[in-house]
Amino acid sequence: MQNTFVSKVTKSMGMEEKPKKLVILYASQTGNAIDAAERVGREAERRGCPVSLLSIDDFDPSCLPEQEIVIFLVSTTGQGDNPDSIKVFWKFLLQRNLTQNWLSSVSYAVFGLGDSSYQKYNFVAKKLDKRLSDLGATAIVERGLGDDQHPSGYEGALDPWMPTLWKAIYQKNPKLFPKGPECMTSNTSLMDQPKVQITYHDVDEGALQFSSIPVATKQLKIADFKLLEMQIESTRFILPGKLSGKHPPDCFLKMVKNDPLSKADSGKDVRHFELEAISSSIEYEVGDVVHILPAQDAAAVDAFMKRCNLNPESYIRVEPRDNKENGQSHDLRNTLKVPIRLKTFVELAMDVASASPRRYFFEVMSYFATAEHEKERLQYFASPEGRDDLYEYNQKERRTVLEVLEDFPSVQMPFEWLVQLVPPLKTRAFSISSSHSVHPNQVHLTVSVVSWTTPYKRKRTGLCSSWLAGLDPQKRVLIPAWFQKGSLPSPPPSLPVIVVGPGTGCAPFRGFVEERALQSQSGPTAPLLFFFGCRNEENDFLYRDFWLFHSQKGGVLSEEKGGGFFAAFSRDQPQKIHVQHKMREQSVKIWNLLTEGAAVYVAGSANKMPSDVLLAFEEIVSKEGGVPKEAAARWLRALEKAGKYHVEAWS
């Protein structure tokens with residue numbers, strides 16, 4: 001599906017100009033926008049339309065005026081943040097030298113993927129739509145907004161949006177759909193061309209070039225790290241854009257401390273992890289995040305291999321299939337250049353027992369089902385009529401690839417299709433809860449071990465958090481890690497700071513406090529005011545002794561230093577008390593710090609907390625500043641634009 005972008009060959013070069021292609025660009029953070037873009041591309045190709053499908057960071061933005069029709073599918077992350085892949089493209093679009101008619105010959109459509117439980121719902125799609133219009137481009141269809149809160153997820157908006165899109169494209173350029181927007185080629189004609197091809201090698205050849213290594217040994221050599229690093233880089237480079245951490249890990253970590261922070265009978269399992277670098281030095285600032293690649297359950301991997309009749313000891317090379325005979329050249333530029341053990345490839349690249357497969361997985365399965373009743377059910381799931389039932393069966397239940405395959409035993413999919421369609425094993429991001437200045441070779445994490453019950457009462461657990469919680473510090477298990485700038489910039493010691501971090505949202509602020517305490521030993525530091533919240537003082541008061549220590553005897557959280565520490569325990573009394581209630585109690589202190597130039601940092605659950613906290617700030621500014629609520633809201637928006645109101649929130 002992903003076509004390498006080929007710049008227009010001009011007639012002045014004496015060559016015939018190639019037919020225009022429908023350009024589809026996606027910006028994804030977790031993979032949803034990629035799946036949506038690939039689906040739009042497949043549907044266009046089935047109508048006979050030539051397609052160029054790319055991650056937006058693989059597209060040269062200076063070539064945008066040369067395109068006829070461009071479809072954008074973009075996700076929004078966090079509190080209205082851009083996905084990493086669109087940042088360079090967006091910066092280019094904001095250049096002041098671009099005129100109002102720069103894109104006057106371009107038609108476009110935008111589909112956004114977001115979550116309406118966040119305050120800035122689909123913010124990236126909305127601002128992209130406006131900017132393209134400001135630069136003279138013409139929208140051929142009203143932007144679509146996919147919502148994770150819809151009963152069918154983003155597809156609830158994508159399904160009705162696409163027919164409108166095809167009609168608009170046909171009106172703009174009928175040549176793109178030779179037989180009209182409704183006429184499609186048979187799906188079966190597309191089933192013999194997976195994106196990848198796999199070459200099998202002799203065991204001796206593979207073992208010599210690229211043998212696997214144990215990830216839990218007492219004596220690990222530099223060669224072991226290099227080999228595992230090479231395996232991770234190679235296997236995770238096969239499908240560009242699908243994975244974070246496309247480069248080798250920054251380092252390998254080992255667990256040195258695994259301590260519970262919440263009481264055993266509290267209904268939550270929150271852990272404090274201390275991880276130590278064992279392969280190279282690490283660098284990060286407070287407010288940064290670390291991405292960790294978890295290991296999959298060995299029994300689940302073995303069950304997947306058995307179900308798919310795969311030989312775990314085979315050695316394979318994976319490379320892109322060349323589709324030039326179809327006028328396409330897929331943008332699978334990276335090839336597994338040396339053979340790797342098939343089981344190792346599955347372990348490192350394919351999420352077989354945690355992530356749910358996408359809708360297209362069921363469509364492809366239907367072509368390989370030999371039992372008629374299974375084929376009919378899969379075809380129904382892949383159809384627009386079966387969309388809601390598929391969502392109930394698959395996404396809501398978080399059925400895994402392994403579980404789905406076991407539910408349809410007559411399906412035997414070639415391994416090439418499995419490599420293409422099984423969701424990639426993704427890294428998980430965690431806020432760092434330590435100061436590098438205090439712990440030069442360590443990174444600390446505050447992690448809630450994820451577990452939930454599905455609508456059909458099946459127990460589910462988070463892959464990475466459960467894996468970390470099960471690690472024994474006495475065993476040197478290798479943990480691949482990548483460090484990345486977070487959305488909470490490190491504050492200088494002279495900057496007054498107001499932080500709000502209920503629950504595990506306190507994680508980055510533990511690092512803030514550690515760092516400011518160290519800074520205070522060599523010079524004066526500005527006040528630090530912290531609002532923490534949890535359910536019960538006895539059960540889940542995370543880092544209680546740490547906060548109280550720094551709030552006493554002139555510590556960086558003490559009122560003598562102009563700051564303070566205030567905790568809200570929501571369930572310790574009949575009427576719930578949250579962080580915003582404690583903030584209102586300290587409205588004078590907050591207002592004084594704001595007028596002194598304080599920055600605001602908010603971290604925690606994205607449910608209602610960030611908007612409730614913002615509302616509390618608006619009320620405080622209105623009350624203490626003596627201005628209307630509307631003026632207070634504008635004042636806080638200006639604070640945000642000035643880079644002094646930061647939010648890091650997660651679902």
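Colleague: Which residues does Val290 touch, not counting those up to four places away in sequence?

Modeller: In this predicted model, Val290 touches Arg428, Ala429, Phe430, Ile432, Leu445, Ala481, Trp482 and Phe483, leaving aside residues up to four places away in sequence.

Colleague: Where does Val290 lie, and is Val290 buried or exposed?

Modeller: Val290 lies in strand S10, residues 289–292. Its relative accessible area is 0%, so Val290 is buried.

Colleague: How far apart are the C-alpha atoms of Val290 and Thr427?

Modeller: They are separated by 9.4 Å, and the two residues are 137 residues apart along the chain.

Colleague: Back up to the whole protein. How many helices and strands are there?

Modeller: The secondary structure comes to 20 helices and 22 strands. The protein has 651 residues, and buried residues make up 56% of them.

Colleague: And the contacts: what share join residues at least 24 apart?

Modeller: Taking contacts between residues at least 6 apart in sequence, 78% join residues at least 24 apart.

Colleague: What is the accessible surface of the protein?

Modeller: About 28,400 Å², of which 51% belongs to carbon and sulfur atoms.

Colleague: Now H20. What span should H20 have, and what is the distance between its end C-alpha atoms?

Modeller: Helix H20 covers residues 629–641, which is 13 residues. At 1.5 Å a residue H20 should span 18 Å, and its end C-alpha atoms are 18 Å apart, so the two agree.

Colleague: Which residues of H20 are buried?

Modeller: Ala632, Ala633, Leu636 and Leu639 are the buried residues of H20. Seen down the axis of H20, these buried residues fall within an arc of 115°, so they line one face of the helix.

Colleague: Why would residues three or four places apart point the same way?

Modeller: Because an α-helix has 3.6 residues a turn.

Colleague: What is on the face of H20 turned away from its buried side?

Modeller: That face carries the exposed residues Glu630, Arg634 and Lys641.

Colleague: And what do the buried residues of H20 pack against?

Modeller: They pack against helices H18 (587–595) and H19 (609–625), and against strands S21 (599–605) and S22 (645–650). After H20 comes Gly643, with a positive phi near 75°.

Colleague: At what angle do H18 and H19 pack?

Modeller: At about 85°, with their axes 9 Å apart. That makes H18 roughly perpendicular to H19.

Colleague: Which residues meet there?

Modeller: From H18, Ser587, Val588, Ile590, Trp591 and Leu594 meet Phe617, Ile620, Val621, Lys623, Glu624 and Gly625 of H19. The buried residues in H18 are Ser587, Lys589, Ile590, Trp591, Leu593 and Leu594. H18 is followed by Gly597, which has a positive phi near 95°.

Colleague: You listed S22. Where is His646, and what does His646 touch?

Modeller: His646 is in strand S22. Not counting residues up to four places away in sequence, His646 touches Ser487, Leu488, Pro489, Val600, Tyr601 and Val602. With a relative accessible area of 12%, His646 is buried.

Colleague: There's a glutamate I wanted to check, Glu43. Which helix is Glu43 in?

Modeller: Helix H1, residues 32–45. Glu43 counts as buried at 14% relative accessibility. Glu43 touches Met162, Trp166 and Met184, not counting residues up to four places away in sequence.

Colleague: How many residues of H1 are buried?

Modeller: 14 of its 14 residues are buried, so H1 is mostly covered.

How values were computed. Residues numbered from 1 in each chain as written. Predicted model: local features only at pLDDT ≥ 70, side-chain atom pairs only at ≥ 80, totals over all residues. Heavy atoms only, no water. Helix = DSSP H or I, 4+ residues; strand = E, 2+ residues; numbered from the N terminus. Expected span 1.5 Å × (residues − 1). Buried < 20%, exposed > 50% of the residue type's maximum accessible area, 1.4 Å probe, protein only. Arc of directions from axis to C-beta. Contact = heavy atoms within 4.5 Å. Areas by Shrake-Rupley, 256 points an atom, 1.4 Å probe, with all protein chains shown as cover. Axes fitted to C-alpha atoms, helices over the stretch in contact; angles between N-to-C directions. Parallel < 35°, antiparallel > 145°, perpendicular 65-115°, else oblique.
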